[in-house]
Structure formats: C-alpha cells, structure tokens
Amino acid sequence: MKNILFVASESVPFIKTGGLADVVGSLPKDLDKEYYDVRVILPKYTCMKQEWKDKLQYKAHFYMDFHWRNVYVGILEAEYDGVKFYFIDNEGYFGGFRPYGDDVLYEVEKFAFFSKAALSALPIIGFRPELIHCHDWQTGLIPVYLHERFQGNEFFHNIKTVMTIHNLKFQGKWNVKDVKDITGLSDYYFAPDKLEAYKDANLLKGGLVYADAITTVSSTYAEEIKTDFYGEGLNGLLNARSNDLRGIVNGIDYDTFNPETDTYIANHYNAINFRKEKIKNKRALQEELGLIKDDKVFMIGIVSRLTDQKGFDLIAYVMDELCQDNVQIVVLGTGEEQYENMFRHFEWKYGGRVSANIHYSEEKSHKIYASCDAFLMPSLFEPCGLSQLMALRYGTVPIVRETGGLKDTVEPYNEYENKGTGFSFTNYNAHEMLATIRYAEQIYYDKKREWNKIVDRAMAADFSWKVSASKYQEMYDWLIG
C-alpha cells in the first residue's frame with residue numbers, strides 16, 4: 001500500500017471557488033484503493049457551510065513556531081466518499097466570509113502557515129506519506145520546507161513531492177524581506193535559482209524548483225507554459241524542468257454530471273434517446289427564462305467567470321452581429337463589470353432572445369448544459385477547463401478556441417471524414433470566432449443528421465476521472481518506485 005497525501009486550499013464538497021476544488025475532491029476517490037491510501041489536508045475555513053462543519057471531528061492540537069511566535073494548530077477530520085480529509089484549524093488565519101482575501105501579504109502568510117502546519121501535523125495524525133501531491137501556489141512552500149527543516153527528521157526522510165499547476169497566473173508573490181520574515185527561511189532560499197523571481201519572493205516558484213515532479217492539467221497547456229506568452233514569467237524554469245513536467249487532463253465526476261440521473265434538470269436523457277428527449281429541457285429553460293418558445297432555434301449557452309481570460313472581449317466585439325442571427329444566447333456567471341453590463345444591455349435590446357443571469361447557481365448551470373445546442377468557450381488561455389467536458393457529457397456541442405485543455409478535449413468537426421465532437425478556431429480573433437459559430441449554426445440548421453452525429457460522438461467521449469487517475473498512478477509509481 002502506497003501512502004499519498006493531497007494538500008490543497010480547497011476541495012468539494014467542503015469549500016469551492018473553482019476547478020481546483022473539483023480536482024482535489026474527485027481524483028483521490030478514483031485512485032485504486034487496493035494500492036493507494038490517499039488522504040487530503042485542507043484549511044478549516046469558518047466560511048464552510050454548517051452541514052460540513054458539523055461532520056468534522058476533533059483529532060488533536062499543538063503549538064507551532066511560526067512568524068516569531070507560538071501559534072495554535074488544530075487538527076480535525078472527516079471521511080467523505082471513502083476518503084479521509086484532515087482540516088488545519090486556526091481561526092486567526094482561516095476566519096472571514098471567503099476562503100481567499102484581497103490582501104496579498106496576508107494570503108502569503110496564511111498559506112505559509114498552512115504549508116508548515118500540514119507537514120507538522122503528519123507525525124501527530126500518524127500518517128506518513130511516501131508522496132505529497134501539492135496544488136497551486138498556496139502549497140508551494142511544502143517542497144521547500146521539506147527540503148529545509150523537515151529533512152533532518154527521520155519521519156520526513158525521502159518523502160517525494162509533486163507540484164500541480166492549475167493556473168500559472170496566480171503565484172503568491174511578495175517582497176523578499178517580508179516573506180523571509182514570515183517563513184523563517186534563510187537567505188540561501190531567496191536566490192534567483194530558488195524562490196526569488198524578478199526581485200520578489202514567489203511561493204509557486206519555490207514549489208516548482210523543489211518538487212520532484214511537476215504536472216499541469218492538460219498536455220497542450222504543459223507545452224504552452226514553456227513559451228513567453230503563456231509562461232507568466234516562469235517559462236525559463238519550466239523549460240529547464242521540462243523532463244519532469246507532464247500534462248494530465250482533468251476529468252469530471254460522471255456521477256454528478258449525468259443527464260440520465262441529474263436531479264437539477266427537467267427531463268432525463270441519454271446517448272440513445274437524446275434526439276427526442278433533450279429538447280424537453282430546452283423548452284423548460286425557455287419557459288423559465290422568458291425566452292421565445294421555439295424548438296428549432298439554435299441555443300448557445302455560456303457558463304463562466306466573465307473575464308478577459310475567458311474570451312469575453314471577443315464576444316463583446318461581435319455580440320451585436322451574432323444577435324442578428326437566428327440564435328438564443330443564455331449566459332450564467334459573474335465577473336468584470338463591463339461584461340456583466342454588456343450582457344444586461346443585450347438582454348434589454350434583444351428581449352426573448354438573450355438571457356443574462358448575472359449570478360452563479362449550480363442548478364442553473366446544469367440546466368444550461370442539458371438544454372442548449374451549443375456551448376461557447378473562446379478562452380484566451382485555459383489550463384484545462386471543465387465546462388467543455390460537462391457540455392460534451394450532456395451532448396451540448398462545444399465551440400472553443402484551440403488553447404490548453406480545450407484543444408486536448410474537443411476534436412474539431414471535419415465534415416469530410418465524419419469526425420469531431422465540437423467546433424474550434426485557432427487565432428484569438430473575434431471574427432474567426434464568429435465564423436466558427438456560424439459554421440456550427442449552418443450544420444445545425446442545414447445538416448441535422450450530421451449535427452446529431454456530432455452529439456453522438458460528444459456523448460461517447462470519456463472524460464471521467466478513471467482515465468486521468470490511471471495516468472496519475474503511473475506518475476506516482478515512477479516517483480515512489
């Protein structure tokens with residue numbers, strides 16, 4: 001039995017702000033229980049829902065030397081879906097109404113504390129991992145601390161580490177003087193070949209330098225981040241470590257996202273009967289959102305954070321033109337004010353054809369995946385992306401830009417070879433996107449049989465965690481031996 005520990009800042013079902021939580025919550029339960037004992041350590045945020053807090057049981061507590069003082073560290077535990085979760089408790093650091101705040105220095109201190117506390121807790125809970133799987137900058141100090149102060153302790157000897165980059169844009173950067181003071185690391189660690197980057201301390205960089213292996217969430221993104229454009233200033237380091245870097249595409253939970261059993265949707269369907277049954281969800285959504293009731297209209301869904309990264313500047317540029325077509329557009333999400341207001345404006349201008357839902361609702365997202373004909377995702381960069389995987393699962397044809405995980409998971413339609421699960425375009429260009437949407441419209445309206453075959457292939461694609469889990473297992477075995 002090999003012991004694996006996941007350390008992360010969020011995980012479903014306990015706390016979630018993005019795709020990271022889905023990965024940390026879903027991957028451990030799909031690793032082979034016969035060979036791996038996988039456990040997870042998270043912060044115990046006071047903003048967790050009460051129903052989850054009620055399931056936590058006190059395990060132990062201790063005091064740890066951190067930032068020039070003795071700090072309380074509580075350990076709680078819970079079991080969920082056969083996986084044991086531990087929670088690091090300190091209300092001073094993990095209080096507040098949200099898991100993350102806007103004060104960067106405080107965030108750096110909070111997750112430095114979390115990284116050190118997670119390692120210090122291991123002998124107390126009596127779990128010695130052969131490998132620690134760290135996720136994003138919040139856990140970047142774990143490989144560093146392991147190298148620096150825990151190596152001398154027999155218990156920690158020869159523990160391997162993996163660093164997974166979910167989004168390279170966020171790195172945990174602050175000035176060297178403060179970070180040195182907080183972490184207690186010596187000058188040795190703040191050199192350009194270690195934690196220092198462009199005169200600042202960089203927690204993610206520390207993790208990438210000291211981890212035994214680096215992964216990211218799709219093979220195309222693993223290549224992209226070695227370039228200036230996508231590398232966010234760390235492409236030099238990622239090139240230097242390219243032999244230790246691999247891309248493993250995320251999966252989604254096929255029990256949660258299942259059009260046959262989904263409790264959120266009006267009508268269940270599957271790959272065999274979708275031609276007759278999926279349409280009932282479209283009718284229900286048109287009714288609910290006050291859209292014109294029309295079975296035949298091409299309905300495009302968007303579920304996203306409304307930010308530049310997700311390609312909304314492209315959509316804004318051609319939205320008026322797109323609304324001239326015979327389409328309906330349903331948007332769900334929040335984000336930058338200009339995009340929230342843009343969609344509100346078009347809902348006002350094209351009432352009955354555009355629905356702007358400027359909030360977030362898990363239930364409504366499922367309804368959109370199940371009701372729409374196509375799903376638009378024109379990202380500037382997308383490490384993996386989960387929405388397109390959900391769209392495929394529900395037979396809602398993705399229209400994506402060829403970047404990162406979108407390129408790896410959506411096969412572009414080829415009318416000559418009868419292949420493809422969606423539509424894609426290459427350049428970050430609004431009219432190239434519009435042309436691709438119109439090509440999809442044309443197939444939908446004029447070649448309905450071809451369209452249904454695309455849906456068939458989309459629903460047959462397998463992006464469950466089982467596939468990805470086997471690739472992680474290969475990597476673990478390669479590292480642990």
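In the predicted model, Asp262 is located in the loop that joins β12 (245-247) to α10 (274-277). With a relative accessible area of 3%, Asp262 falls under the 20% limit and is therefore classed as buried. Apart from neighbours within four places in sequence, the residues in contact with Asp262 are Thr256, His268, His366 and Tyr394. Glu363 stands 101 residues from Asp262 in sequence, yet the two C-alpha atoms are 9.8 Å apart in space.

Helix α13 comprises 13 residues, 337-349. From the first C-alpha to the last, α13 reaches 18 Å, close to the 18 Å expected at 1.5 Å a residue. Tyr339, Glu340, Met342, Phe343 and Phe346 are the buried residues of this helix. Viewed down the axis of α13, these buried residues lie within an arc of 160 degrees, so they line one face of the helix. The elements that cover them include the strands β13 (298-303), β14 (327-332) and β15 (354-357), together with helix α12 (312-322). Glu337, Gln338 and Trp348, on the other side of α13, are exposed.

A pair of packed helices is described by the angle between the two axes and by the distance between those axes. For helix α5 (residues 141-150) and helix α7 (residues 203-210), the axes come within 7 Å and cross at roughly 60 degrees. The two helices are therefore oblique to each other, and α5 passes α7 in a left-handed crossing. On the α5 side, Leu141, Pro143, Val144 and His147 take part in the meeting of the two helices. Their counterparts in α7 are Leu203, Gly206, Gly207 and Tyr210.

Several loops show backbone features of note. Most residues other than glycine have a negative phi, and most peptide bonds are trans. Asp136, in the loop between β6 (131-135) and α5, has a positive phi, near 65 degrees. Trp68, in the loop between β3 (57-66) and β4 (69-80), likewise has a phi near 65 degrees, a positive value. Asp136 is buried, with a relative accessible area of 10%, whereas Trp68 is exposed, with a relative accessible area of 70%. The peptide bond from Val12 to Pro13 is cis, with omega near 0 degrees. Pro13 belongs to the loop between β1 (2-7) and α1 (19-30).

Conventions
Residues numbered from 1 in each chain as written. Predicted model: local features only at pLDDT ≥ 70, side-chain atom pairs only at ≥ 80, totals over all residues. Heavy atoms only, no water. Helix = DSSP H or I, 4+ residues; strand = E, 2+ residues; numbered from the N terminus. Expected span 1.5 Å × (residues − 1). Buried < 20%, exposed > 50% of the residue type's maximum accessible area, 1.4 Å probe, protein only. Arc of directions from axis to C-beta. Contact = heavy atoms within 4.5 Å. Axes fitted to C-alpha atoms, helices over the stretch in contact; angles between N-to-C directions. Parallel < 35°, antiparallel > 145°, perpendicular 65-115°, else oblique. Left-handed = near helix turned anticlockwise from the far one by under 90°.
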